[in-house]
Amino acid sequence: MKAIANSSQLSTPNTLGEQAGKAVAEALNPLVADAFALYVKTKNFHWHLSGHHFRDYHLLFDEQADQIFAMIDVLAERVRKLGGTTIRSIGHISQLQNVQDDNDEFVPPLEMVKRLMEDNKNLAARMREAHHVCEENEDVATASFLEVFIDETERRTWFLFEIQVNSH
């Protein structure tokens with residue numbers, strides 16, 4: 001996948017330079033795909049939840065989905081600011097995503113919590129890898145918002161972890 005736009009109409013001037021912009025864009029696009037995939041998975045669990053803690057989990061999943069959704073535009077627009085192109089379709093997301101889809105008809109609530117906890121934990125690790133690419137390419141702007149997103153993702157992981165620990 002080409003990260004830097006081939007069309008002069010999509011090229012965006014920036015001070016990082018073409019190679020640095022390309023490296024950061026290539027690190028960010030899988031995060032855009034993962035955010036879309038995790039958003040859909042979180043909403044799926046929000047919609048298909050049943051059981052004893054329905055209200056609490058339903059509200060938590062909705063809150064977390066909103067937070068994940070808010071990352072998407074920031075990440076994608078940063079790719080464009082760097083002169084790259086970003087996600088164009090569901091198929092494109094499926095090519096880049098690390099977060100696995102969940103098509104099970106029914107998932108028990110604590111299993112939902114466990115799956116989302118693991119996905120968020122793994123997403124934080126991939127964001128750290130992207131942050132390293134930003135540091136290598138002196139992209140302090142992208143590194144800065146990734147730090148916030150890592151913190152938010154670790155908070156989601158923590159909340160989900162606490163449910164797991166206190167449910168046994």
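**Salt bridges**

I began with the salt bridges, taking as one any side-chain nitrogen of Lys or Arg within 4 Å of a carboxyl oxygen of Asp or Glu, and by this rule the count comes to 9. I note that I am reading a predicted model, in which local features need pLDDT of at least 70, side-chain atom pairs count only at pLDDT 80 or more, and totals for chains, interfaces and linings use all residues. Residues are numbered from 1 along each chain as its sequence is written, and side-chain values use heavy atoms, with hydrogens and water left out.

I looked up Asp-34 and found its salt bridge with Arg-126, where the closest N and O atoms are 2.7 Å apart. This pair links distant parts of the chain, since Asp-34 sits in helix H1 (residues 18–47) and Arg-126 in helix H4, 92 residues apart; for helices I use DSSP runs (H or I, at least four residues), numbered from the N terminus. I then checked burial and found that Asp-34 and Arg-126 are both buried, where buried means under 20% relative accessible area, exposed means over 50% and partly exposed is in between, with a 1.4 Å probe and protein chains only.

Next I turned to Arg-115, which forms a salt bridge with Asp-102 with the closest N and O atoms 2.6 Å apart. Arg-115 lies in helix H4 and Asp-102 in the loop between helix H3 (90–96) and H4, so the pair ties together parts that are 13 residues apart in sequence. I recorded Arg-115 as partly exposed at 23% relative accessibility, whereas Asp-102 counts as buried at 12%. I also noted that Asp-102, Asp-104, Glu-111 and Arg-115 are linked in a network of salt bridges.

Because they are 3 residues apart in helix H4, Lys-121 and Glu-118 are separated by about one helical turn. I have Lys-121 as partly exposed at 43% relative accessibility, and Glu-118 is likewise partly exposed, with a relative accessible area of 29%.

**Packing of H2 and H4**

I then looked up how helix H2 (residues 54–81) packs with H4, and found an angle of about 25° with the axes 12 Å apart; the axes are lines fitted to C-alpha atoms over the stretch in contact, and angles run from 0 to 180 degrees between N-to-C directions. H2 and H4 are therefore roughly parallel to each other, a label for angles under 35 degrees. The contact, counted as heavy atoms within 4.5 Å, is made by Tyr-57, Phe-61, Gln-64, Ile-68 and Met-71 of H2 and by Pro-109, Leu-110, Met-112, Val-113, Leu-116, Asn-120 and Leu-123 of H4.

**Arg-78**

I found Arg-78 in helix H2 and recorded it as buried, with a relative accessible area of 13%. Not counting residues up to four places away in sequence, Arg-78 touches Leu-16, Leu-28, Asp-139, Ala-141, Thr-142 and Phe-145.

**Glu-138**

Last, I checked Glu-138, which has a positive phi of about 55° although it is not a glycine. I placed Glu-138 in the loop between helix H4 (109–136) and helix H5 (140–165), and I noted that Glu-138 is exposed, with a relative accessible area of 67%.

Note on methods:
Helix = DSSP H or I, 4+ residues; strand = E, 2+ residues; numbered from the N terminus. Parallel < 35°, antiparallel > 145°, perpendicular 65-115°, else oblique.
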